[in-house]
Amino acid sequence: MELLGVMLAILGAAMAAGWAGAGSAIGVGIAGESGAGVMTEDPGKFGLVLLLQALPGTQGIYGLLIAFFAILKVGLLGGEPIAVTAYQGLGIFFACLPIAIGGYFSAIAQGKTSAASIQMIAKRPEETGKAVILPAMVETYAVLSLLMSIILLNGIKL
Amino acid sequence: MAPAERFAYAVARLRAMSGRLLEESLIQRILDCEDLDSALKILAETAYSAWLVELKGSGDFDRIIEAELSNAYTEVQKFVPDERLVQLCRIPYDFHNVKVLVKSAILVREGGERRYDLLTSLGNIPVEELVVAVESEDYRLLPFGLHRLLPLCLSQWEQTRDILQVENSLDAGLFSVLAEIAVATGFDSAVRWVKGRIDAENIRNLLRLKRLDLDIAGAASFLHEGGWIAGEKLLALLNEPVESWPRVLSFSDVSGVFANVPDLSDLGALIVEMERALDEYVSAILARAKYEAFTPENVIAYLWAKEMEAKNLRIALVAVANNTDRTIARGLLRHGR
């Protein structure tokens, strides 16, 4: 039963890092394609394009953070291994879900918004400020998912 | 990746390229010029400057317009995920070339001269290939159904000696190929655009037929199938005065075009005005593309905007070259980017 608890915690950590990372990869990829399109015509926009392309990458970092918290909690990163019951392991698994799911979808959505914003600065460079705000709005929901995962992980007593 | 996201790169690049489309104010500045040299100096500030060095004389401006348009087509064709979208925009030029070649072939048979100077490089088929195919009468490798249509048109000429019928068959072939390719792309926007173009062409033809006072039986062959409005509904318009056409067509979007034309009573002036209004109607079909970040209609919208730019520039330069009334020229300019 103890092994099952640890396995569930590892599964949660893997999902948090994997899904949020996958979402970020897709999001950054979409924004990158748009960025490459704009820079082919106007290489001078590299700085702005890079900023907008990097925005969907944060979800992957959040996912990795939660994955670290989860495996730290069960003592897999140094120190003494902690006895984890199946219920506790299931709790850690569920705690990882907000950032896994929220991170995956918000990163893709943010990638699309970033791509649209990159197109916006291609046509209207004077609207750069607004172009950064729009994809940053999507970040709110990734941050909320991260907070929920942290709160839930902290709530699990081992 | 979802089909729409395939266009992320292409649409972003097109957005950047659309920043170089000529502003309306620049066309107005050209129209304000007193002579062609000053107009070309203004053009030298734009993307057209690359072609100005090839200019043989100031009256040769059509060559630079064609060179810029051709460059736009070639560039877009290189990076667009579905080449058929560019093909759709270029096919009318292929059929234009075929018309020129067919008419030249007829002229030569009648003892006249070829008019190959009217051929354009804007089509999908290289001009040389088309010329060789027509001169050697070997049409087998011609695409877009031209391998069947070309010999058909020539035999139609032999039988009827009616060039209008030959042109009509080629136009019917053009719109049928456009509709076929648009459906094959699987993009609704391409289908809507082609349907809109067919409707616009049918309305244009109807106005000309109305001026010729042709009866319904004679007019039927000049209308093309595949638009939003059925052929019989369009033919019924011939029995109505032009003033009531907007009411009869009120079920379709094209009726709005008549609202943009000030005077419906003067048929001659109306035909000229409708050229502009119908082009703007086709532009309006693609207008929502600017709100979509990944849709393929952005490709057609950019190329169509480039076409409109070429038309506006030609109108402005012809007006300056011939020193005609600038107010008339301004009235002919296409709006809505």
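How many of the 158 residues of chain A count as buried, as a percentage?

Author: Of the 158 residues of chain A, 50% count as buried, a residue being buried if 20 or more other C-beta atoms lie within 10 Å of its own, exposed if 12 or fewer, and partly exposed in between, with C-beta atoms placed from the backbone. This is a predicted model, in which local features need pLDDT of at least 70 and side-chain atom pairs count only at pLDDT 80 or more, while totals for chains, interfaces and linings use all residues. Residues are numbered from 1 along each chain as its sequence is written, and chains are lettered from A and ligands numbered from 1 in the order in which they are written.

Chain A holds 5 helices and 0 strands; helices (H or I, at least four residues) and strands (E, at least two) are DSSP runs, numbered from the N terminus. Its C-alpha atoms fill a box of roughly 60 × 20 × 20 Å along the principal axes. Among contacts in chain A with a separation of 6 or more, 86% join residues 24 or more positions apart, where two residues are in contact if their C-beta atoms, placed from the backbone, lie within 7 Å.

Helix α4 (residues 86-123) of chain A packs against helix α5 (residues 128-155) of chain A at an angle of about 175 degrees, with axes 8 Å apart. Axes are lines fitted to C-alpha atoms, for helices over the stretch in contact, and angles run from 0 to 180 degrees between N-to-C directions. The angle makes α4(A) roughly antiparallel to α5(A), a term for angles over 145 degrees. The residues of this contact comprise 19 nonpolar, 10 polar and 1 charged; Ala, Val, Leu, Ile, Met, Phe, Trp, Tyr, Cys and Pro count as nonpolar, Asp, Glu, Lys and Arg as charged, and the others, Gly among them, as polar.

The contact between the chains takes 16 residues from chain A and 13 residues from chain B. On the side of chain B that touches chain A, 8 residues are nonpolar, 2 polar and 3 charged.

The largest nonpolar core has 98 residues, and A:I118 is among those that touch the most other members, as are B:L178 and B:I300. Such a core is a set of buried Ala, Val, Leu, Ile, Met, Phe, Trp, Tyr and Cys residues joined through C-beta atoms within 7 Å. Helix α6 (residues 84-109) of chain B gives the most to this core, with 11 residues. A second, separate core of 27 residues includes A:A16, A:A17, A:I66 and A:V74.

Methods
Parallel < 35°, antiparallel > 145°, perpendicular 65-115°, else oblique.
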